[in-house]
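Subject: Handing over the structure

Dear colleague,

I am passing on the structure below, followed by notes on what was found in it. Please keep it open beside the text as you read.

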Amino acid sequence: MKQILKIILLGTFILMPIVGVKETGSETIDFQEMETAMLKEMNLARTTPQSYASHLKEMRKYFHGKEWRRPGELPILTNEGVSALTEAIRFMEKANPVAKLRLSVGMSRGARDHVEVQGSTGSVGHGSAEGNRPHERIGLYGSWEKTVGENIAYGYAHARDAILSFIIDDGVPNRGHRQNILNPNFRVVGIACGPHPAYHTMCVIIFAGGYREKKD
């Protein structure tokens, strides 16, 4: 029987079951390197959206109806098919550049707490076993300003794949993940990646309009 993966999008996080299972199963992932790459990819998308659209265009050749088939990986059954990709390309080609995100140590510690809890329990979503929400987690290590948002990706071995999926936002009517990445009101970000028992990997990205680090 043909095995097909299905993208599931819940709330404002993206749940992608075991994308590229061949890669994640055989490759040792440097999560610190992945966190650095996540920041780089988001800032490329923010500062050069027209150029970043070229990476989206490369994905078009792998679509067959609603299935996305990249060689060496299990096919992915999308919700919208190539139409979501086409819409994302048009959006990025017209988007205005916005300022780079600045990495916050305290916000990254808050994101790390969530990775450690879910890496232990196998749970998914924005709430943790303690019931903490994104603004509460980063509030332990400093004071956030103006606004807070969060994207969570499960099952990715490479940062670019995760960021491209956020920008496409297949199956999410308001394209909330894309809005978070390109929101000019977000200026600071916390990032943490690590292992997940069900989906191999996970990355938590917390955005804020500003942040004051708590002094130790």
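Among contacts in the protein between residues at least 6 apart in sequence, what percentage join residues at least 24 apart? The share is 75%, where a contact means heavy atoms within 4.5 Å.

Before the details, please note that this is a predicted model, in which local features need pLDDT of at least 70 and side-chain atom pairs count only at pLDDT 80 or more, while totals for chains, interfaces and linings use all residues. Residues are numbered from 1 along each chain as its sequence is written, and side-chain values use heavy atoms, with hydrogens and water left out.

The protein has 8 helices and 10 strands, which are DSSP runs numbered from the N terminus (helices H or I, at least four residues; strands E, at least two). Of its 216 residues, 51% count as buried; here buried means under 20% relative accessible area, exposed means over 50%, and partly exposed lies in between, with a 1.4 Å probe and protein chains only. The protein exposes about 10300 Å², of which carbon and sulfur atoms supply 53% (Shrake-Rupley method, 1.4 Å probe; for residues, only the protein chains shown count as cover).

H4 covers residues 82–94, and its 13 residues reach 19 Å from first C-alpha to last, close to the 18 Å expected at 1.5 Å a residue (the expected span being 1.5 Å times one less than the number of residues). Its buried residues are Ala84, Leu85, Ala88, Ile89 and Met92. Because these cover an arc of only 140 degrees around the axis, they are on the same side of H4, the arc being that of the directions from the helix axis to the C-beta atoms. The face turned away from that buried side carries the exposed residues Arg90 and Lys94. The partners against which the buried residues of H4 pack include helix H2 (31–47), helix H3 (49–59) and helix H7 (159–168).

Helix H2 has 17 residues and reaches 24 Å from its first C-alpha to its last, close to the 24 Å expected. At its N-terminal end, aspartate 30 caps H2, with a side-chain oxygen 3.1 Å from the backbone nitrogen of glutamine 32.

The structure holds 11 salt bridges, each a side-chain nitrogen of Lys or Arg within 4 Å of a carboxyl oxygen of Asp or Glu. Arginine 112 forms one with glutamate 35, the closest N and O atoms being 2.3 Å apart. Since arginine 112 lies in helix H5 (residues 105–121) and glutamate 35 in H2, the pair ties together parts that are 77 residues apart in sequence. Glutamate 35 counts as buried at 15% relative accessibility, whereas arginine 112, at 26%, counts as partly exposed.

Glutamate 41 pairs in a salt bridge with arginine 160, with 3.0 Å between the closest N and O atoms. Glutamate 41 lies in H2 and arginine 160 in H7, so this pair joins parts that are 119 residues apart in sequence. Glutamate 41 is buried at 8% relative accessibility, and arginine 160 is partly exposed at 33%.

Finally, Glu80, Glu87, Arg175 and Arg178 are linked in a network of salt bridges.

Note on methods
A polar contact is a pair of N or O atoms within 3.5 Å; within protein, one must be able to donate a hydrogen and the other to accept it, and residues adjacent in sequence count only if both atoms are side-chain atoms.
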